[in-house]
Amino acid sequence: MQAPKNRMEVANLKLDKCIFEELLRNSLSDDTIEILRIEHRCLSEKGLNFLSELYDVSIIYKSKKNTKTECSFDVIIKTEPIDNMSLFFLREQNLFTFELTYTRDVLPRIATLVNCQFGPHLFHGSLQPPALIMENLKKKGYILKNRQKGLPFEHCRLVIERLAKMHAGSVAVIEEEPELVEFFKTGGMRKEANVEFLALLTKSSLRQMSEQIQQWPYEWCASVAKKLVKLGTTMKERFSNVYDCDADEIRVLNHGDCWVNNMLFKENEEGQPVDLLMVDYQLTNYSSPAVDLLHFLYSCPECAVRCDKEDYFLQLYLDTLKETMEGIGCKRKPPTMEQLKAAMYKRRIYAVLVGLVFSLRMLADKEDVEDFVLVADAGETKLDVFKNPDAVRITQKMLPAMDAKGYLD
């Protein structure tokens with residue numbers, strides 16, 4: 001795409017050409033750079049990028065220091081969604097401002113405190129027009145894992161350790177600057193319109209699941225099916241309280257959307273993870289760490305790992321959290337295992353939402369993915385999540401495990 005003289009257009013986004021010129025000159029320490037053209041392609045997938053549009057952008061340039069060669073600088077641009085309903089959800093909750101504030105002003109401070117990078121470098125962020133320009137992690141060897149297969153054990157270990165360090169760093173930042181709390185207290189999916197949508201989606205999904213599992217040959221199916229239907233009638237009130245904390249509960253800045261497609265790994269030749277960076281901090285919220293832990297544990301581990309290793313991961317989280325908090329001088333003490341499990345139980349409806357609704361929907365093949373906009377319009381979901389045999393296996397493993405913990409009550 002040939003860039004206009006002063007502007008480039010990416011769908012509904014307009015950015016001054018000088019932004020890219022300044023970005024390159026600063027990043028490459030070369031004030032002679034001249035942009036020749038800007039090429040892009042959309043990365044957003046139907047049903048998987050509800051609250052944003054993503055673009056893979058190549059900035060083709062020349063430097064007067066090397067006039068014979070055209071070079072390319074690759075970035076990812078994140079913008080507001082084009083769809084009107086998605087845009088309403090985004091603006092209603094001020095999510096773009098949350099992500100910009102967190103990735104620009106808070107996450108770098110956490111990274112410095114704990115000596116660990118957590119996300120891509122942010123080259124540029126603005127609200128007018130709304131845009132985040134970030135480094136392209138895939139160009140640096142980071143990869144997405146298969147969302148339909150989930151994460152193997154070692155990848156899960158790395159995620160848990162990074163979450164603990166990020167949470168610990170956030171405690172220190174909040175202790176240094178307590179006024180930040182007020183901004184992030186309203187983060188996450190809190191607005192009434194979103195709570196109503198989540199309640200609608202969950203009620204419809206659990207009703208379908210109840211009908212399905214009654215056909216399975218297991219003793220627990222009948223009783224669990226009844227619990228799922230009953231759960232569907234209490235969604236709105238319970239979702240409204242997910243982020244609320246008692247006075248004695250530890251609170252952290254959660255990522256808020258810990259699922260496979262928001263994690264990029266660098267692996268060695270044996271396929272083992274050696275680094276992890278997370279993206280998409282739109283749903284950052286100040287609440288119990290149970291929010292991130294429930295989201296991750298009930299949506300990301302592969303079937304062979306899910307549910308079986310929960311106690312191990314929680315102990316790893318607490319050990320890493322304690323070591324990091326003590327190492328950076330936090331005044332607050334980390335929770336005990338008993339306190340952490342109590343916080344998770346208190347928010348068990350979040351495990352239901354993530355584990356039995358979101359994660360199963362994300363197992364669907366691309367051609368079967370159902371856009372959330374269509375669900376909102378229809379008032380119910382029509383997606384057959386059990387079309388994928390992996391969804392059946394995971395559900396047959398999760399339901400009795402969640403029931404044994406009292407998560408379905």
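A: One cut-off before we start: a residue is called buried under 20% relative accessible area, exposed over 50%, and partly exposed in between. Aspartate 409 comes out at 43%, so it is partly exposed. Keep in mind that this is a predicted model.

Aspartate 409 makes a salt bridge with lysine 227, side chain to side chain, at 3.3 Å from N to O. Aspartate 409 sits in the segment after helix H14 (389-404) and lysine 227 in helix H7 (residues 221-231), so this pair ties together parts that are 182 residues apart in sequence. Lysine 227 is also partly exposed, because its relative accessibility is 27%.

Now step into helix H14 itself. Aspartate 390 and arginine 393 are both in that helix, three residues apart, or about one turn. Their side chains form a salt bridge at 2.2 Å, N to O. Aspartate 390 has 16% relative accessibility, so it counts as buried, while arginine 393, at 45%, is partly exposed.

Aspartate 275 belongs to strand S11 (residues 273-278) and arginine 162 to helix H4, so the bridge ties together parts 113 residues apart in sequence.

Helix H4 deserves a moment of its own. Of its 24 residues, 17 are buried, so H4 is largely enclosed by the rest of the structure. The helix runs over residues 153-176; at 1.5 Å a residue it should span 34 Å, and its end C-alpha atoms are 35 Å apart, which agrees.

Then there's a charge without a partner. Aspartate 292, in helix H9 (residues 290-297), is buried yet has no salt bridge. The nearest side chain of opposite charge is arginine 347, and that is 11 Å away. What the aspartate 292 side chain does reach is the backbone nitrogen of glycine 256, at 2.9 Å. Setting aside neighbours within four places in sequence, aspartate 292 is in contact with several residues, including Leu163, Met166, His167, Asn254 and His255.

Terms used. Residues are numbered from 1 along each chain as its sequence is written. This is a predicted model: local features need pLDDT of at least 70, side-chain atom pairs count only at pLDDT 80 or more; totals for chains, interfaces and linings use all residues. Side-chain values use heavy atoms; hydrogens and water are left out. Helices (H or I, at least four residues) and strands (E, at least two) are DSSP runs, numbered from the N terminus. The expected span of a helix is 1.5 Å times one less than its number of residues. Buried means under 20% relative accessible area, exposed over 50%, partly exposed in between (1.4 Å probe, protein chains only). Lys and Arg count as positive and Asp and Glu as negative; His and the chain ends are not counted. A salt bridge is a side-chain nitrogen of Lys or Arg within 4 Å of a carboxyl oxygen of Asp or Glu. A polar contact is a pair of N or O atoms within 3.5 Å; within protein, one must be able to donate a hydrogen and the other to accept it, and residues adjacent in sequence count only if both atoms are side-chain atoms. Contact means heavy atoms within 4.5 Å.
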